[in-house]
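Colleague: I am new to this structure and would like to know what stands behind the labels given to its parts. May I put some questions to you?

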Amino acid sequence: MRISDLLKKETIVLNMKATNKEAAIDELVTSLDQAERLNNAEDFKKAIWTREEQSTTGLGEGIAIPHAKSDAVQTPAIAFGRSVNGLDYEALDGQPTHLFFMIAASAGANEAHLATLSRLSTFLMDEAFRRKLLDAATESDVLAAIDKKELEQLQAEEAEQDKSSDADEYTLLAVTGCPTGIAHTYMAADALKGEAKKQGVSIKVQTNGSSGVKNKLTSEDIKQAKAIIVAADTKVDMAPFAGKKVIQVPVKDGVRKPKELIDRALSGDAPIYQANSETESESEEQGKAGFGAGFYKHLMNGVSNMLPFVIGGGILIALSFLIDIDLNNQFAQMLMDIGGGSAFALMIPVLSAFIAMSIADRPGFAAGMVGGLIAVNGEAGFLGGLIAGFLAGYIALLVKKLTAGLPQSLAGITTILFYPVLNIFFTGMIMLLLVTPLSAVNRGLEGWLGGMGTTNMMLLGIILGGMMAIDMGGPINKAAFTFGIAMIDAGNFGPHAAVMAGGMVPPLGIALATTFFKRKFTKQEQEAGKTNYLLGASFITEGAIPFAAADPGRVIPSAVVGAAVAGGLTALFGIGLPAPHGGIFVIGLVSGSWFMYALAIIAGAIVTALMLGIWKKKTV
């Protein structure tokens, strides 16, 4: 099958009207839909955006290849678009994008279709070919340029196949793979092969594409190769590479940095891959790639596993207050015991445990769980949980290195004895030392707030509201909450009204942001954002923790400012609240105007949402 069988004049847009990424995708999807290549344009567009959220398909060099494999595709097809002035497609090189190939693969696309679609992605590595497309005057010129390039490519592939069949061994090996297995997989393969050819190096590249594994590496290939490059964003069977020097990078590095990867492989600057310690190998790679990428990966592993505890526990707590704010009802108390006493009690330890597990695999899990529990008991909050998770993970890696030289006779008990004992001991001891200063900070804050009294209620409201959002359940949050309760006992209901308003704002503001600024959040975050409406309304500040943990530099300041606005307005309006908890369900108990209290909370949430909407970057 030829590319001209999939790309037709009616799906070519020579002069795109789009000026941004969203409009470009809309325009290309529309061309496919009008050519009757789609069953459902909206569903296909969603599939395209799902792919974009994994990583941008703006590859740089003025090229973008948005693609998806979906039931919404009636007939496998390609749409071509050209923007003469270029537009911001969030390309990897940050430059404007001019050439767009939207690949539409049906869910049941056969191997011939997939091979043809993937072949197109490799053509765009040729600068001369891209220039012909930029200079094309008509749709026929575009098709003619592609036909000519395809014929040249097929002839080159045949010649390479004949040559490779005579090769006895390869200096380098590589594996490439992307989530959809259509474009980046083959572009990375071609980039690596092209660079190897320039340097006179023999290389064999296995592609893990939609149509299956092609050019599979054999045990003999692996045995003889000097090094192996794995450029993939999908799961690759790494076991056969045990004992070999392996470089692991994202597939985009295969496309963008083939020379750097091949130079590094030839120099021998790559770790030896150990099949029984994949995490350790990955950790070394992340150290070379940059701390940020590894930090984010480990953090996300903890946050994603913590999320069910936040949502499930928070909603059960909200339901308990909805049934009976005083919890005199037995069923309401049971809901509180499940949600607050169990789910929320496990939330921070689970965060810590899965961060540690991401870093050091199973040896880090138990130490992370124990460290997180110490953080909870020591009132260190979710920040303490983060510290515990990373501490446990890296201690586990250190212990693994220190015990690597033990006699072979002890290898059998190392995993079941030395790892858990040493990891838990060192993590626990360090965490016990860390939580004490945090407790002292907590007590100091309570004393400072008590000394302020009512001399400046608006300033006090701003401070209390902001404190509720700084660590969202940690020592600073608890200091403000405890102070509010103490003021209720003293007959002063104003401070706690500011406390509750400030505590409601972070999840409500995030919920609004995920609703009205969807492009700034992943699909998972958008879904989690919906539950924050209920969590925020129920005074469950912890609903914002997963978002704060994932992007603390933007989420926490936005939440603090919005919460401070709500707390300050509450004090300004002279609102008092005698109920210690309950959120919107106890709004009828306020002294003063319940309407003005609700207005203060809504204003704070809007401020947080707007700051996030402006400040956060689009997901790619």
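Colleague: Which residues on the other side of H4 are exposed?

Modeller: Glu-127 and Asp-135 are exposed there. Keep in mind that this is a predicted model.

Colleague: Which residues of helix H4 are buried?

Modeller: Helix H4 covers residues 127–135, and Phe-129, Arg-130 and Leu-133 are buried in it.

Colleague: How do you know that the buried residues of H4 line one face of the helix?

Modeller: Looking down the axis of H4, the buried residues fall within an arc of 100°, so they line one face. As a general point, an α-helix has 3.6 residues a turn, so residues three or four places apart point the same way.

Colleague: What makes Tyr-89 buried?

Modeller: Buried means under 20% relative accessible area. Tyr-89 has a relative accessible area of 1%, so the residue counts as buried. Tyr-89 sits in the loop between S5 and S6. Its C-alpha atom is separated by 9.3 Å from that of Leu-59, 30 residues apart along the chain.

Colleague: Why is Ala-91 called buried?

Modeller: The relative accessibility of Ala-91 is 10%, and the limit is under 20%, so the label holds. Ala-91 is also found in the loop between S5 and S6. The C-alpha atoms of Ala-91 and Ile-63 are separated by 8.1 Å, and the two residues are 28 residues apart along the chain.

Colleague: Is Asp-324 buried or exposed?

Modeller: Buried: Asp-324 has a relative accessible area of 17%, and buried means under 20%. Asp-324 lies in the loop between helix H11 (291–323) and H12. Asp-324 and Gly-582 are 258 residues apart in sequence, and 9.5 Å apart in space from C-alpha to C-alpha.

Colleague: What makes Glu-36 exposed?

Modeller: Exposed means over 50%. Glu-36 has 59% relative accessibility, so Glu-36 counts as exposed. The residue is placed in the loop between helix H1 (21–34) and helix H2 (41–54). Glu-36 also has a positive phi of about 60°, although it is not a glycine.

Colleague: Why does Asn-215 count as partly exposed?

Modeller: Asn-215 has 46% relative accessibility. Buried is under 20% and exposed is over 50%, with partly exposed in between, so 46% gives partly exposed.

Colleague: How many aromatic pairs does the structure hold?

Modeller: The structure holds 6 aromatic pairs. One of them joins Phe-80 and Phe-101, with ring centres 4.8 Å apart and planes at 45°.

Colleague: Why is the pair of Phe-80 and Phe-101 called tilted?

Modeller: Planes under 30 degrees apart count as stacked and over 60 as edge-to-face, with the rest tilted. The planes of Phe-80 and Phe-101 are at 45°, so the pair is tilted. Phe-80 lies in strand S5 (residues 77–87) and Phe-101 in strand S6 (residues 97–106), so the pair ties together parts 21 residues apart in sequence. Phe-80 and Phe-101 are both buried.

Colleague: Which residues have the most contacts inside the largest nonpolar core?

Modeller: They are Ile-355, Met-472, Met-500, Leu-577 and Tyr-597, in a core of 56 residues. Helix H18 (residues 494–516) gives the most to this core, with 9 residues. Another core, of 27 residues, lies apart from it and has Leu-59, Ile-78, Leu-133 and Ile-146 among its residues.

Colleague: Which residues line the second largest cavity?

Modeller: Its lining is made of Ser-55, Thr-56, Leu-59, Leu-92, His-184, Asp-233, Val-251 and Lys-252. By class, 3 are nonpolar, 3 polar and 2 charged. About 40 Å³ of space lies in this cavity.

Key
Residues numbered from 1 in each chain as written. Predicted model: local features only at pLDDT ≥ 70, side-chain atom pairs only at ≥ 80, totals over all residues. Heavy atoms only, no water. 1 Å grid on protein atoms, 1.4 Å probe; cavity = no way out; pocket = protein on both sides within 12 Å on 5 of 7 lines; lining within 4 Å. Points joined across faces, edges and corners; volume = space filled by probe spheres on them. Nonpolar A, V, L, I, M, F, W, Y, C, P; charged D, E, K, R; others polar. Buried < 20%, exposed > 50% of the residue type's maximum accessible area, 1.4 Å probe, protein only. Helix = DSSP H or I, 4+ residues; strand = E, 2+ residues; numbered from the N terminus. Arc of directions from axis to C-beta. Core = buried A, V, L, I, M, F, W, Y, C linked by side-chain atoms within 4.5 Å. Phe/Tyr/Trp six-rings, centres within 6.5 Å; stacked < 30°, edge-to-face > 60°.
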